[in-house]
Each structure stands twice: as structure tokens, then as C-alpha cells.
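Hi,

Here is the structure I promised to pass along. Have a look first, and my notes follow below.

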Amino acid sequence: MSSQEQRKRLKEYYRECSQIHAAWAERHYQYPPPKTKPFPPDLIGLECGAKTRAGTPCKQKSTYANGRCKWHGGCSTGAKTLEGKKRSALNGFCPKTKRSHSTR
Ligand SMILES: [Zn+2]
């Protein structure tokens with residue numbers, strides 16, 4: 001199996017787990033917590049595989065849910081919700097006192 005197919009299966013696995021977790025959050029985290037599928041053993045140690053500046057594939061094995069490492073996961077795409085966009089707009093151009101995370 002190619003690493004591209006493995007990465008696709010890894011994303012699918014994390015997507016299923018996040019759906020299970022979201023359903024549990026809807027139940028207000030009732031005890032007992034839901035059981036998730038065991039991590040597929042053939043995906044353990046999956047390398048990032050992104051092309052590095054040297055032209056070789058990245059060999060990092062600590063990957064995120066997108067199948068890439070901390071250096072090759074891509075930039076944040078910014079706030080998604082309207083509330084988050086408003087909060088980030090506040091942080092951008094206003095003095096410290098108007099910041100959303102201000103402690104005062
Ligand atoms: Zn990488």
C-alpha cells in the first residue's frame with residue numbers, strides 16, 4: 001500500500017474518531033466515554049513524506065491528523081466562525097485595552 005493511501009486512511013480514522021467525540025460532547029460528556037476504534041497497526045510510524053527543501057521526503061513520524069508533521073502541516077487558514085472572525089479582527093488593529101483576551 002502506498003503512503004498516499006495510508007495517509008488517506010489515517011485522515012479517515014481521525015475523522016471517525018472526531019465524529020464519535022462530537023457525539024459524546026453532544027451528550028455532555030456522560031460517563032462512560034465512548035469506545036473508539038483501535039489505531040490501525042500498519043499506520044503506526046507513518047512518515048510525513050512531504051518534500052523538504054533538500055528535495056528528499058520528510059522522515060518525521062510524529063504526524064497530526066492531516067498526516068503531516070508540525071513543519072509540513074500547512075499554515076492556519078484563520079478563523080472559521082463569524083464570532084471567531086470578529087474576535088480576530090479586534091486583535092488586529094486595536095490597542096491593548098480593546099483586545100478580546102485582555103485580562104483587565
Ligand atoms: Zn514533514
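**What I found**

The protein chain has 2 helices and 0 strands; helices here are DSSP runs of H or I with at least four residues, strands are E runs of at least two, and both are numbered from the N terminus. Bear in mind that this is a predicted model, where local features need pLDDT of at least 70, side-chain atom pairs count only at pLDDT 80 or more, and totals for chains, interfaces and linings use all residues. Residues are numbered from 1 along each chain as its sequence is written.

Of the 104 residues, 4% count as buried. Buried means 20 or more other C-beta atoms within 10 Å of the residue's own, exposed means 12 or fewer, and partly exposed is in between, with C-beta atoms placed from the backbone.

Helix H1 covers residues 3-26 and spans 34 Å from first C-alpha to last, close to the 34 Å expected (1.5 Å times one less than its number of residues). Tyr14 sits in H1 and is partly exposed, because 15 other C-beta atoms lie within 10 Å. Its C-alpha is 9.3 Å from that of Phe39, 25 residues apart along the chain.

Now the loop between H1 and H2, which holds His28, Tyr29 and Pro32. Most residues other than glycine have a negative phi, and most peptide bonds are trans. His28, however, has a positive phi near 60 degrees, and Tyr29 has one of about 55 degrees. His28 counts as exposed, with 6 C-beta neighbours inside 10 Å, and Tyr29 is exposed with 9. Finally, a cis peptide bond joins Tyr31 and Pro32, with omega about 0 degrees.

Cheers
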